[in-house]
Amino acid sequence: MPFTHRIATPADIPALTSIMNRSIAELQKEFLTESQITSSKTVMGIDTQLIEDGTYFVVEEDRQIAGCGGWSRRATLYGGDHTPGREPTLLDPATDPARVRAMYTDPGFARRGVGRLILDLCERAAAAEGFTTLELMGTLSGEPLYRAYGFEPVERITDDRGGAPVPLVRMRKDIRPETGSTLAV
């Protein structure tokens, strides 16, 4: 059965949190040390603002959640509800990039197209609201997917708010109509 998708609801939060925790713990192993994975939990996780805004997607296969992720018209670039420094200010589509946020794949569904589907959904939704650029803060494990989808690195940082320095990469993609995605959804 092919993947289906829908907008996340508050009732999904426990299942999404579980997937996020498994994703962080398992899919980062090739890229981060154990202390960095533990530290990642401070700067990653559920962002209920995305669910409230109706911009967070759930991807399923046969009613099992395979992954989740979304986009935002708000200034916060990354982090969960518990992450310090969040900024809920609305962005201006004429001058600001929309944010791709909180992408997680259940480890059992890794490398099967879940992330690409979420990116396509985000791109289409942001473009429909007039945004011409997407921006995200990617993990090292996510960077190959984002590059393959057309994102370019613009800045590398480390976030040590969880104790150990976690390397991250800020990436951008132009989504003007002539470069839009062609994936059927």
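In this predicted model, the side chain of Lys-173 makes a polar contact with the side chain of Glu-123, at 2.7 Å. Lys-173 belongs to strand S7, which covers residues 166-174, and with a relative accessible area of 9% it counts as buried, because that value is under 20%. Arg-63 stands 110 residues away from Lys-173 along the chain, and the C-alpha atoms of the two are separated by 31 Å.

Side chains of opposite charge can pair when their charged atoms come close. The structure holds 18 salt bridges, and one of them joins Glu-129 to Arg-73, with N to O at 2.5 Å. This pair links distant parts of the chain, since Glu-129 sits in the loop between helix H4 (114-128) and strand S5 (133-139), while Arg-73, 56 residues apart from it, sits in the loop between strand S3 (64-72) and strand S4 (98-105). Glu-129 is partly exposed, at 38% relative accessibility.

A further salt bridge connects Glu-143 with Arg-156, whose closest N and O atoms are 2.6 Å apart; here helix H5 (residues 143-148) supplies the glutamate and strand S6 (residues 152-159) the arginine, 13 residues apart. Glu-143 is buried, with a relative accessible area of 9%, whereas Arg-156 is partly exposed at 49%.

Through salt bridges that share partners, Arg-170 and Glu-155 are joined with Arg-99, Glu-135 and Arg-172 into one network.

Notes:
Residues numbered from 1 in each chain as written. Predicted model: local features only at pLDDT ≥ 70, side-chain atom pairs only at ≥ 80, totals over all residues. Heavy atoms only, no water. Helix = DSSP H or I, 4+ residues; strand = E, 2+ residues; numbered from the N terminus. Buried < 20%, exposed > 50% of the residue type's maximum accessible area, 1.4 Å probe, protein only. Polar contact = N/O pair within 3.5 Å; in protein donor to acceptor, adjacent residues only side chain to side chain. Salt bridge = Lys/Arg side-chain N within 4 Å of Asp/Glu carboxyl O.
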